[in-house]
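Subject: Structure handover, salt bridges

Hello,

Here is the structure we talked about. My notes on its charged pairs follow below.

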Amino acid sequence: QVQLVESGGGLVETGGSLELSCSVSGSILSFSRMAWYRQAPGTQLDLVAFISNDGSTNYVDSVKGRFIISRDNPRNTVHLQMNSLKPEDTAVYYCAADRGVRYWGRGTQVTVLA
């Protein structure tokens, strides 16, 4: 059973930074893609960023230049460094792992104070 556990969420002021981590049971190299999604109250789940096995990355326009996704293969961990945070970044952030099927973590809350 694949398990993904997110950590690093919290409360931060506008302009601040947080780093989210996603710890994966088993090798993350078995997944073609690792991604971060977020869902704000009353809204749909949105893709934030993903990183492929070849190291290529992709970001939603609203976070480009502020967020950085990275992977630590030996530690089976994926990170999301979030800088210059804005109130509109407030959401529950979920880690996802794809290999034909998608596995999800339970999420971590990020709240950015105005």
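Start with the network: salt bridges link Arg33, Asp98 and Arg102. A salt bridge here is a side-chain nitrogen of Lys or Arg within 4 Å of a carboxyl oxygen of Asp or Glu.

The model is predicted, so to speak of local features needs pLDDT of at least 70, side-chain atom pairs count only at pLDDT 80 or more, and totals for chains, interfaces and linings use all residues. Residues are numbered from 1 along each chain as its sequence is written, and side-chain values use heavy atoms, with hydrogens and water left out.

In total, the structure has six salt bridges.

Asp98 is buried at 11% relative accessible area (buried is under 20%, exposed over 50%, partly exposed in between; 1.4 Å probe, protein chains only). Arg102 is partly exposed, at 39%.

Now Asp89. Its side chain forms a salt bridge with Arg38 (3.0 Å, N to O). That pair links distant parts of the chain, 51 residues apart: Asp89 sits in the loop between strands S8 (77–82) and S9 (91–98), Arg38 in strand S4 (33–39). Strands are DSSP runs (E, at least two residues), numbered from the N terminus.

Asp89 also bridges to Arg66, with the closest N and O atoms 2.8 Å apart. Arg66 lies in the loop between S6 (57–59) and S7 (67–72), so this pair ties together parts 23 residues apart in sequence.

How buried is Asp89? Its relative accessible area is 0%. Arg66 is buried too, at 9%, and so is Arg38.

Best wishes

Key. Helices (H or I, at least four residues) and strands (E, at least two) are DSSP runs, numbered from the N terminus.
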